[in-house]
Amino acid sequence: MSYQVLARKWRPRTFREMVGQGHVLQTLIHALDSQRLHHAYLFTGTRGVGKTTIARILARCLNCETGITSNPCGECSACREINEGRFIDLIEVDAASRTKVEDTRELLENVQYAPSRGRFKVFLIDEVHMLSNNSFNALLKTLEEPPPHVKFLLATTDPQKLPVTVLSRCLQFNLKNLSPEKLVEHLKFILGEEKIAYEEPSLWQLGRAAQGSVRDCLTLLDQAIGFCEGKLTTAKVSEFLGSIDQGEIRALMEALIAEDAAAALATVRKLADTSPDFAVVLQELLSWLHRVAIAQVVPDAIDNSLGDREQVLAHAAALSRENVQLYYQIALKGREDLPAALDARSGLEMTLLRMLAFTPQLPGKTAAPTKNIDPVATGQKKKLTVEPEPEPALPLQVATPKVAKSRLSPSELQAAAVQTTATAAAPRITASTEASEPAVKPAPPVQLSGRPIALAELSTDTWPQVFLQLGLAGVTRSIAGHCALALVSGDQLKLVLDSRHGALFNEEHGRRLELALSDYFGQALKVQVASGTPASETPSGRRIRIEDERRLAAVHEFTHDPLVQALVTRFGAEINYESITPLNPDQH
Ligand SMILES: [Zn+2]
């Protein structure tokens, strides 16, 4: 049995088999069913979206021996001959190769004769914009007074190049690019029929690479099947496309969210095994950050067209808007600087480390870019960070070397934190641990987030402080951060979750929050979380406000530092020096 390429084998024979373009098909089907026919149709759209496929189906609809129909029989000789490309009354012209006016004249001389076999003589002119002006004039004459037995089906990728006089005489249909979602759906169908196994992410890679074209998508599928020898795996398809496995981009994002330099570097190492184009890695990271930024402002704008909606929303909830903007700027700059880097891989690594170094800190930390990343220390799943208080007298360098080599235990850190509280101008030290190491508890929050709050003291003012001490993690933390306290009554607490951040909320988060609060206050509480508009400040709102205030102070503080100068001049055009407010250490 001879092998037939998939694009040809699965070329739709009826409107109902078409992928996408529902808006066009509906109109055509309606026109055919009600016998309201136009004499000239123009199909526009990028390559491989189905322009000539629709035109050929339309030619069958018009000439099927069962009568004009939106559902040609496929059995009669007209249907079969059109299908096989040998129907005498379907005249297909590729204008790209026939642009001379003589050609068109010769072609159009044919128009006056009645069809020899079919109901209509159908002229299908592909890439019609390539015709010369004289050819257009010849065509226009026929379009102005078309004989009743003639139909023109024109197709073009570039309708702007058509004379208005021609455009105005055609019924125009704009074909859309297909979404990756639609393409993946189609690929799944074909692979199911062909009985070929696949890993789903590999289909999303193909769907993205096809850039909206069904034909390109099926051509890529054909080649990928050959390359993968049987089963389509994500790794093999990445290698074939020279594309980046989105799973790795997601891993990079998660390393950034966890502020885990070791994980980021490990992901780069893994990526390096496939010898990727590191500029493309940054490109993909930029594209991911872009979607996260959009998700933060308009969550509904994120569709699942790339198969990763849930992850993007989770990242949007886990990162502050400022961080996303900063990461984006740094990635953009990193890509620009890549050619100047020692090599592309180290360029990417430096970009990621710079993101972590410049991450504005959570409450209790300053926005100053003094975080230390020690791959060895982070390799032990423990991150140490030191931020100097933004006291003018304190040079940036004081804090840095001290912790770069340190392996402080939580108790040492606690002691150091107590000490620094006493001296106020000394570096503030915080420790955080991965959730995967429950044995190592974060340092008691007393020094970091103030004294414990009793239930009787719980109010809209103290709620953000309680939040910091709850020890929540992940999505639950993010959700609680967007809650304002609405009511305390006996053992009943009511929280209002900012509805703009409600996308990821489910009962499990409510239960965890209730447990954490009960645990914190030492009594069983009933916690109700309702979606709405918070009437008081949420911990997240407070954090952003304090971060903003602190960042301004810190930027002012460290403008003499070359690193920060680079940050300000290259990334920070938005800093407003006039609005800097003095920092009050008791603010949180
Ligand atoms: Zn037929």
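Biologist: At what angle does helix H24 run to E10?
Modeller: This is a predicted model in which local features need pLDDT of at least 70 and side-chain atom pairs pLDDT 80 or more, while totals for chains, interfaces and linings use all residues. Residues are numbered from 1 along each chain as its sequence is written, and side-chain values use heavy atoms, without hydrogens and water. Helices (H or I, at least four residues) and strands (E, at least two) are DSSP runs numbered from the N terminus, with axes fitted to C-alpha atoms (for helices, over the stretch in contact) and angles from 0 to 180 degrees between N-to-C directions. Helix H24, residues 507–521, lies across E9 and E10, and its angle to E10 is about 135°.

Biologist: Which are the edge strands of the open sheet?
Modeller: The order is E8-E9-E10, with mixed pairing (at least two DSSP bridges per pair). E9 (residues 492–498) runs parallel to E10, joined by seven bridges. Pairing on one side only are E8 (483–489) and E10 (526–532).

Biologist: How many residues apart in sequence are the parts tied together by Cys64 and Cys79?
Modeller: The zinc ion has the donors (N, O or S within 2.8 Å of the metal, 3.2 Å for Na, K and Ca; water is absent, so sites may look incomplete) Cys64, Cys73, Cys76 and Cys79, each through SG, at 2.2 to 2.3 Å. Because Cys64 is in the loop between H3 (51–63) and H4 (77–83) and Cys79 is in H4, the pair links parts separated in sequence by 15 residues.

Biologist: Which residues does Thr476 contact beyond its neighbours within four places in sequence?
Modeller: Thr476 sits in helix H23, residues 474–481. Contact (heavy atoms within 4.5 Å) is made with His509, Arg512 and Leu513.
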